[in-house]
Amino acid sequence: MDSDSTRAGGSGTRGKGGTGADVPAEHGTHASTARGTLAAGSGRRAAEGATGLAPVDLVQETPVRWRIEPTGPMRVPGIVFASQALLPDVVSDRSLVQVQHVATLPGIVEASYAMPDVHWGYGFPIGGVAATDVERGGVVSPGGVGFDISCGVRLLTSPLARDDLDGRLPALMDELDRRIPRGLGRGAVWHLGTEDELAAVLRDGSRYAVARGHGVERDLEHCEDSGAVPDADVAAVSARALQRGMAQVGSLGSGNHFLEVQVVDRVDDPATAAAMGLHQGMVCVMVHCGSRGLGHQICSDHVRTMLAAMPGHGIAVPDPQLACAPVHSAEGRAYLGAMAAAANYGRANRQLLTAATRQAFAAVLGTAALDLLYDVSHNLAKLEPHLVEGDARMLCVHRKGATRALPPGHPDLPDDLRTTGQPVLVPGSMGTASHVLAGVAGGGAFHSTCHGAGRAMSRHAAARRIRGGELRRQLADAGIAVRALSDRGLAEEAPFSYKDVDEVVATCERAGLARRVARLRPVGVVKG
């Protein structure tokens, strides 16, 4: 979800979600203009003017699609998918200015996209999608991936129903609490013995974990890229990054990462849900985490390298957090190789947490039969073929807080999911629902959609509004058992600090980015 919870320059208070005062009500399918200046006040206006970009002017194309016309150095328009209720606050949230900034990247094609859960991030907005033409000077930018490379979600399905948890949920949550390492820099399920083992994780991801007995073949078949991103380059990973990654394989981390025991409480598309093995009342487990300190270090290292290299490539960007280099340059190849290594670490990380979860279910409920429905990243850059103005092009597609949503029939899908479209896993916010979507034919934004609810309030603001102990009691009263390391961390992730996830996924469906399949509600949460 929020890939930039740690960023240069401080925590970055985000504006609360909602509609700016100058944004008009929706007018059906008729376009209208919403003028909400993000350059409120002469100081802000001057700062934006220095980049050559005009204040953001949103033009409503449909009830859920808004356009920012190119100005100054923008090479393409900005496209924002949002219902009226989800539009970022046009005064206090600078994510739409970041949409403009991304549109200036060399080689960018089609548009700089923002998903319905968009909010301010490092360089790119979280919820940003942009593709550059590799053969026409297209760049790769670490800010378009984020610090938590390959942060993603996997969903495990079980043979259990909600009634099977009666009287045993507390014991299950206690066992998960004991088995799932979490928190800043704390522990791991898999204690790697040598640097060679870590290198194998970086090269082969979940494949290496399964080969070492931490999973089954189906886990690879139902993981994006069959469990490992190709072309990982361990030599492009710094010694400091390797050091940080050595002792964290199989750990949640902190912030908005979690492991949830969930129950399917609504089926929106019965045929697709049945094909995915989902049904009403089914117990599932959702895991949300990424590449931990290793991924963060890789991002930091390569941003510094690219900042130094940009003048030599003749590249200037409006924000140094958009540091970038041509995909075919030495710096671009090195970052993509290191990013792939971090992505494989993230896949292995979720695989080890799956193994620990199966052990906990076996110990308390007598079954380890948790099948992987799908595992997908939402912080990654991938080289993908797409049609651009009718021509087949190889693009570097950045999805930062956005999820790939492959359509039915796509060759990258496993055989048993090829007719349904790719499962898209959209986590909620601890006290709210999560969703399973599916990719659709003709889905826009290079087959991309949302990745979560999207923050509407900073962590500091959330912690000021509620104490962790009070939130814990509220969640318990709602039937949600929480196991968290700290009350402060719990308060920072209060459900009210996020946008309405039901509105986010409904907007994705209305925009033609994906379709809803099922909704899941939490009954137990493990957090850092």
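The model is predicted, so local features need pLDDT of at least 70 and side-chain atom pairs pLDDT 80 or more, while totals for chains, interfaces and linings use all residues. Residues are numbered from 1 along each chain as its sequence is written, and side-chain values use heavy atoms, with hydrogens and water left out.

Helix H3 spans residues 169–179; helices here are DSSP runs of H or I with at least four residues, strands are E runs of at least two, and both are numbered from the N terminus. Leu169, Leu172, Met173, Glu175 and Leu176 of H3 are buried, meaning under 20% relative accessible area, with exposed over 50% and partly exposed in between (1.4 Å probe, protein chains only). These residues sit on the same side of H3, because they cover an arc of only 160 degrees around the axis, taken from the directions from the helix axis to the C-beta atoms. Their cover includes strands S9 (258–267), S19 (481–484) and S20 (515–527), along with helix H9 (330–365), where contact means heavy atoms within 4.5 Å.

Glu110 belongs to strand S5 (residues 108–119) and is partly exposed, at 39% relative accessibility. Met430 lies in the loop between strands S16 (423–426) and S17 (434–438), and is buried with a relative accessible area of 3%.
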